[in-house]
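Thanks for asking me to look this over.

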Amino acid sequence: AGSPEVRVSSNLAFQRLQAATNPQYTLTTRIEGDCLDDFARGGPTSNSGGFASDASASASLDAGSPITVVNSGSVGPYDFIVISVDPATERPSDTAVEWLRDNDYQIDESGAALLDPYLAGGMNLLAFRLTKGNSTGSIRPVQIVFGPGQASIPIRPTAVAAVEDMGVMVWVLGPHRAVPANYLSLELNESLINWLNPGLNYNDVVTEAANQAGGQGFVTEMAGPANPLAETIFASWESSQWESLRTTDWTGREGEMLQSVLGTFSQHDGIRDVLAATVPLPADVPGITYDQLAACVSCYYDWTDADIEGLTPAAFLAAMQTSVIDPMQSTRDLFEDSPYLTRFYTTMSASEMTRDPAFDFNASLADVSNLHTAERVIECSPSLSQFEAPWRVELPSGQTVRGTGGSWPLDVATTAMPANERIVRYDTEGPAEVVTDNGTVIATALAAHNATIPRRSPGVSVGGGASALCSVGHGARDASGLGVLALAGLALVL
């Protein structure tokens with residue numbers, strides 16, 4: 001029922017964080033015996049797909065209105081407003097939606113229905129809209145600070161715009177490993193992941209695992225110390241370089257300033273907004289937009305532009321500090337100040353978004369590595385090439401998967417095998433409560449599959465030909481996160 005602190009955040013910080021914490025699957029290959037093409041060592045020994053995983057908002061309220069404006073303002077490219085609705089109102093969501101529409105906030109009918117549980121419970125409503133003059137290209141994450149309490153994601157309103165099996169990635173910072181407080185925890189069946197190219201089907205395995213848990217479960221993809229990731233998010237050299245640029249006297253060197261600053265920070269969020277606020281469009285280029293200028297400032301201003309009329313170095317650098325640097329630095333600070341980070345991932349469809357996931361902590365749980373390594377052993381014989389020879393992959397879970405050629409033999413869509421090895425539930429202390437254990441079912445299905453793959457011919461020597469030939473790393477998802485994640489969040493609970 002209060003009003004949170006709202007700050008602008010950075011897509012780049014999330015992209016770097018995702019890349020650093022993505023699940024990584026590494027498959028090494030070892031040769032047993034001698035294959036038909038061993039004399040040239042020219043046969044394929046691995047199959048790689050190359051895939052690694054601000055004017056204030058205003059409102060005119062009549063006396064006695066059921067709507068109260070608790071707070072309003074602007075942050076980054078957005079106007080925001082916090083409103084409360086009189087709990088005596090017959091249907092608070094209808095009143096809130098009508099008021100928001102009257103004040104140029106967009107919301108549809110399905111969104112109105114999803115607000116009822118929150119407003120009926122006495123919660124306030126925080127709404128954002130793009131400030132006039134900003135395009136969708138200006139969209140950035142926001143940081144919303146509520147103070148102490150249990151971390152939770154208001155997923156129910158997301159159902160309005162959710163696509164089928166939408167990816168939801170969450171990082172939780174806090175004193176210990178985080179656990180879903182009201183969702184299940186999913187432990188994947190590693191044999192269904194395509195270890196030859198995990199990027200092809202990792203998301204499918206997670207989706208099926210979540211579906212088999214009723215659509216409300218998370219995979220814990222990584223859990224460990226948070227501090228080492230601070231440097232990944234905003235490197236010390238970037239901070240030092242910015243400090244040097246910020247404290248330089250650029251009077252009469254405006255063109256050089258633009259080139260020097262954007263040479264390092266052009267890919268950071270907020271550059272377009274900084275240019276629009278402090279840099280005039282070149283008068284000799286009719287029709288140019290700030291989006292074009294942001295994409296190639298050197299196309300319009302160069303080092304020799306000594307005095308750009310209308311550009312004040314101090315104003316430009318102050319805007320850079322507020323819009324570009326501070327969001328990166330504040331995110332880094334979170335990781336420096338927090339002992340532990342846990343990353344969760346799942347996929348959800350609109351029909352499954354009926355409960356807001358909340359997270360708590362369990363100090364007794366071990367770290368979870370995002371690095372996974374397995375070995376493939378090619379069982380050679382003189383009558384078969386390495387590509388034709390049968391092979392076995394020995395997984396970290398202890399499972400063995402047999403196959404031939406360059407394709408993974410098990411497919412989550414067609415293999416009669418659970419996508420979860422276990423589904424568990426965690427409390428704030430102690431080990432997991434096992435909800436479903438599929439270990440025996442998976443072992444039986446794997447044994448049946450493996451029996452269909454021929455083994456190396458009897459009597460063939462396995463000596464002399466064994467060697468580690470390759471190590472191919474793969475990530476579970478695109479490190480950029482663009483086009484993959486529909487919702488990502490970073491939560492801090494102290």
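The points below go from the overall model to a few local features.

1. **What kind of model this is.** This is a predicted model, in which local features need pLDDT of at least 70, side-chain atom pairs count only at pLDDT 80 or more, and totals for chains, interfaces and linings use all residues. Residues are numbered from 1 along each chain as its sequence is written, and side-chain values use heavy atoms, with hydrogens and water left out.

2. **Confidence.** The pLDDT (the predictor's confidence in each residue, from 0 to 100) averages 84 over the protein chain, and 85% of the residues score at least 70. Strand E11 (residues 217–225) has the highest confidence, at 98, while strand E19 (residues 468–475) has the lowest, at a mean of 37. Where pLDDT is low, the predicted coordinates should not be read in detail.

3. **Overall make-up.** The protein chain has eleven helices and 20 strands; these are DSSP runs numbered from the N terminus (helices H or I, at least four residues; strands E, at least two). Of its 494 residues, 48% are buried, meaning under 20% relative accessible area with a 1.4 Å probe, protein chains only (exposed is over 50%, partly exposed in between).

4. **The cores.** A nonpolar core here is a set of buried Ala, Val, Leu, Ile, Met, Phe, Trp, Tyr and Cys residues joined through side-chain atoms within 4.5 Å. The largest has 77 residues, and Leu 258, Val 261 and Met 320 are among those that touch the most other members. Helix H10 (residues 313–337) gives the most to this core, with nine residues. Another core, of 16 residues, lies apart from it and includes Val 168 and Phe 344.

5. **Met 320.** Which residues is Met 320 in contact with, leaving aside its neighbours within four places in sequence? They are Trp 242, Val 261, Phe 265, Ile 271, Val 274 and Ile 325, where contact means heavy atoms within 4.5 Å.

6. **Helix H7.** Nine of the twelve residues of H7 are buried, so this helix is largely enclosed by the rest of the structure. Leu 258, Val 261 and Phe 265 are among the buried ones. The buried residues of H7 pack against helix H6 (236–246), helix H8 (271–278) and H10.

7. **A three-stranded sheet.** Three strands form an open, antiparallel sheet in the order E7-E13-E9. Strand E7 (151–152) and strand E9 (178–180) stand at the edges with a single partner strand each, so one side of each is left without a neighbour in the sheet. E7 is joined to strand E13 (residues 358–361) by two bridges; strands count as paired if DSSP finds at least two bridges between them. Ala 151 has Phe 359 as its bridge partner in E13.

8. **A hairpin.** Strands E3 (residues 67–75) and E4 (residues 78–85) pair in the antiparallel sense over eight bridges, with Ser 74 opposite Asp 79 in E4. Two residues lie between the strands of this hairpin, and Gly 76 takes a positive phi near 55 degrees.

9. **Thr 207.** Is Thr 207 buried or exposed? At 10% relative accessibility, Thr 207 counts as buried; its place is in helix H4 (residues 202–212). Thr 207 and Thr 347 are 140 residues apart in sequence but 5.5 Å apart in space, C-alpha to C-alpha. Not counting residues up to four places away in sequence, Thr 207 touches Asp 165 and Thr 347.
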